[in-house]
Amino acid sequence: MNPGSETGAVKGLEEQGVSKPRISVIVPIYQVQSFLRECLDSILEQSFRDIEVIAVNDCSPDRCGEIVDEYAEADSRVRALHLPENVGLGLARNAGMEIARGDYLFFLDSDDTLTPGSLQLIADRLSDTTDPDVLIFDYARTFWWGGVTRNSLASVFQSKGPEVFTAKQRPDFLTLLMVVWNKVYRREFIEQRGFEFPPGYYEDTPWTFPVLMAAERIAALDHVVVHYRQRRQGNILRTVSRKHFDIFDQYERVFAFIDSDPSLAEWRPQLFTKMVDHFIAILAKSNRVPDELRAEFFALAHRHYRRYMPAGFVRPEGQAGVRYALIARNAYPVYQTLKVANQGRRKVRKTVRATRKKVVSKRLDRHYENALKQPVNQNLAVYSSYWGRGYVCNPAALHAKAKEIAPHVKGVVVAKADEVHKLPPGTNYVIPGTEKYWEVMARAKYFFNNVNFEDRFVKRPGTVHVQTQHGTPLKRMGVDLLPFPVAAKGTNFRKLLERSDRWDYCISSNRFSADIWEQAFPCSFAALESGYPRNDVFYTSTAADVRRLRAEIGIPQGKTAVLYAPTHRDYTTSYVPQLDVAALADALGDDYVVLMRGHHFYEQKPELRKLQSSARIIDVTAHTASEELQLAADVLLADYSSMIFDYANLDRPIVVYANDWEAYKVSRGVYFDLLEEPPGHVARTQEELHDIFVGGAWKDEQSTSLRDTFRRKFCEYDDGKASERVIRQILLGEPAENLPVVPLDERTPAPSPAAAEAESVKEPAVGRSRAA
């Protein structure tokens, strides 16, 4: 095969006479951008350095190729191999093997990781056992919720026997999981025997069995080397398709290898049992073979059973023996009846439990159930923000853009009764929990939400659910909150993920966020790297819009407006002021005004309402659109709110007040250290904050430099066209590349308040629209 292109500093090392490495770690890569860095770091940060890493980009459609090149550029031990077309896991491993130079080959999957110090232990064990053909080591399963479980058959490593052995001498090692990545292989042995991976699913099967049977010298290492990631979703073997029929070809290859050497005949009974158990395991999973193909799969399993059954074979006892007998007789109807009976018992128990927990009225239940029987309305879309808080955030921006460029799709906004009066005139809406609401939820084709719909919402086949999110994550989200019980507050993570399983797309405003969403919500959605629709107004608003908004808010002409928008603290049970706003206003003097924006969790809290507006303080907590407040402000005074990422689009000064950073970080958890990568100057005390403003540092050159670095990382896709990008892709079916992202240096944010006031009153500039 064409191995593709290779990049990296080690290209041509052999020609330069550089000594070959001890271990070649071959990493085949496909659609793992959220896991790849962790995998590569776990290899490159090992204390044992005599390695090469061959990162094989199997034409991955995400950013894996960029990540691979980044690592190859930064570390001379990394070789980036880009395949011209997607070939699958086995052939990608072959491509890496073709250029490997190490004494030993280590095939590591790109979503798994190595434990610290493990490569040194492998190297030591190889030396102690005088370079065996194969070294077997242990692994542990790591789960998305943080659990780690060592291989249940780890006791094999403590069994008695020679330290260097053949598979015949210690056949118990063949009871281990037959995968390629829990072993390293002497390269010369592999090349001499001509071993390579076949195409298709289950490619480990015809590799591991023949390799172990052929090896004359095998050794073992009783240590967990690999952390085997148990992805909640995204494992290719959990994809329903005909690809699972590849298992039959793979076992034909195994038995062909046995038949090629009469001395291997004694392995037939053990491999036959392995094969039949493998078939049964695949049939037991509902997410493998499509329902309409299960009878065909069963018939092929029967054919292999009859073809490869060894003489004198005795079936196992119990239920396993029953399954063997049914496969031997090709009795699929009976096999299926047995399975359905077991499922039926489980379903009855589940239904009883669900009935006991039912809380929605029977009348609404019946109405919703009847509506679900009606056809899906292909031109109906639902837009919901913050559990019905009305016309705000990304869903509102998308609704407005859809009315403009996709008017054939009727949009309905979810709004609580006390939010209806805030909706734009003529907006179609439904009130949550009403019959009309459940009718719309049952019939709509498209759903846009910045949180999640209720548990009982049913996602119908063919409908499209877009999770718009409501900010760039500094704080931990989703399952990443598991280690932070104070912030999790009893969250049912199983239900959270069941709700998130309904997402087809998840919007992000930068690559950083896209990776976080995949990590925090291990579901099967596709990333929609469009930018945040709510931030479009930062590029489409005019000087007239800025002046109008300042007048509506009540900001006196000529005053510098400081927008203070503190976020929620998980470690407190009520609103606790972190900043003496009145003292700040006094320190700033008459040339400033502070816009106090409380978190919406505290809108009705008396502690917050005690702060009254004055000549120097304007309480804007009840102002619906935070984007309008940001457009009106000269500077943002932020703590850890996601508003800092949005406001950075305006390229206006930001000051961070981080008086309780350590407490916030410990209680909530964060994805990066804001104090190390701030968007502007950081104050840890109120006195430092006063000095930053009074001394003018808030708008100095250092502030500008910090903000520029911050913008380039976190404002990557926000260019004023995010709403159009999403609507064209989702509602109009247009390719994403039709509306490419405008480079940051070519964007023009809305004018600052000072620039807007300096500009004479005139019509909005051509090409700009007024803020919503």
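**View 1. Helix α9 and its buried residues.** The buried residues of α9 are Arg294, Phe297, Phe298, Ala301, His302, His304, Tyr305 and Tyr308; buried means under 20% relative accessible area, exposed over 50%, and partly exposed in between, with a 1.4 Å probe and protein chains only. Looking down the axis of α9, you will find these buried residues within an arc of 165°, so they line one face of the helix. That arc is taken from the directions from the helix axis to the C-beta atoms. Helix α9 covers residues 294-308, and at 1.5 Å a residue its 15 residues should span 21 Å, which agrees with end C-alpha atoms 21 Å apart. The expected span is 1.5 Å times one less than the number of residues in the helix. Helices (H or I, at least four residues) and strands (E, at least two) are DSSP runs, numbered from the N terminus.

This is a predicted model, in which local features need pLDDT of at least 70, side-chain atom pairs count only at pLDDT 80 or more, and totals for chains, interfaces and linings use all residues. Residues are numbered from 1 along each chain as its sequence is written, and side-chain values use heavy atoms, with hydrogens and water left out.

**View 2. The whole protein, for orientation.** The protein has 28 helices and 23 strands. Of its 772 residues, 54% are buried. Its accessible surface comes to about 33600 Å², and 51% of that belongs to carbon and sulfur atoms; the areas come from the Shrake-Rupley method with a 1.4 Å probe, and for residues only the protein chains shown count as cover.

**View 3. The largest nonpolar core, around Ile43.** In soluble globular proteins, nonpolar side chains tend to be buried together. The largest nonpolar core here has 113 residues, and Ile43, Phe106, Ile122 and Trp207 touch the most other members. Such a core is a set of buried Ala, Val, Leu, Ile, Met, Phe, Trp, Tyr and Cys residues joined through side-chain atoms within 4.5 Å. Leaving aside neighbours within four places in sequence, Ile43 is in contact (heavy atoms within 4.5 Å) with Val25, Val27, Ile51, Val53, Leu108, Leu114 and Leu119. A second, separate core of 82 residues includes Val466, Ala488, Phe525 and Ile553.

**View 4. An open sheet of six strands.** Follow the strands in the order β20-β19-β18-β21-β22-β23, with parallel pairing. The edge strands, β20 (617-619) and β23 (682-683), each pair on one side only. Strands count as paired if DSSP finds at least two bridges between them. Five bridges join β18 (residues 560-564) to β19 (residues 592-596), and the partner of Leu563 in β19 is Leu595.

**View 5. Two loop residues with positive phi.** Most residues other than glycine have a negative phi. Cys59, which is not a glycine, has a positive phi of about 55°. Cys59 sits in the loop between β3 (51-57) and α2 (64-74), and is partly exposed, with a relative accessible area of 34%. Thr130 also has a positive phi, near 55°. Thr130 is placed in the loop between α4 (118-128) and β7 (134-143) and counts as exposed, at 57% relative accessibility.

**View 6. Ser667 and its surroundings.** Ser667 belongs to helix α24 (residues 661-668) and counts as buried, at 8% relative accessibility. Which residues are in contact with Ser667, leaving aside its neighbours within four places in sequence? They are Phe484, Val486, Ala487 and Tyr571. Phe484 is 183 residues from Ser667 in sequence, yet their C-alpha atoms are 6.2 Å apart in space.
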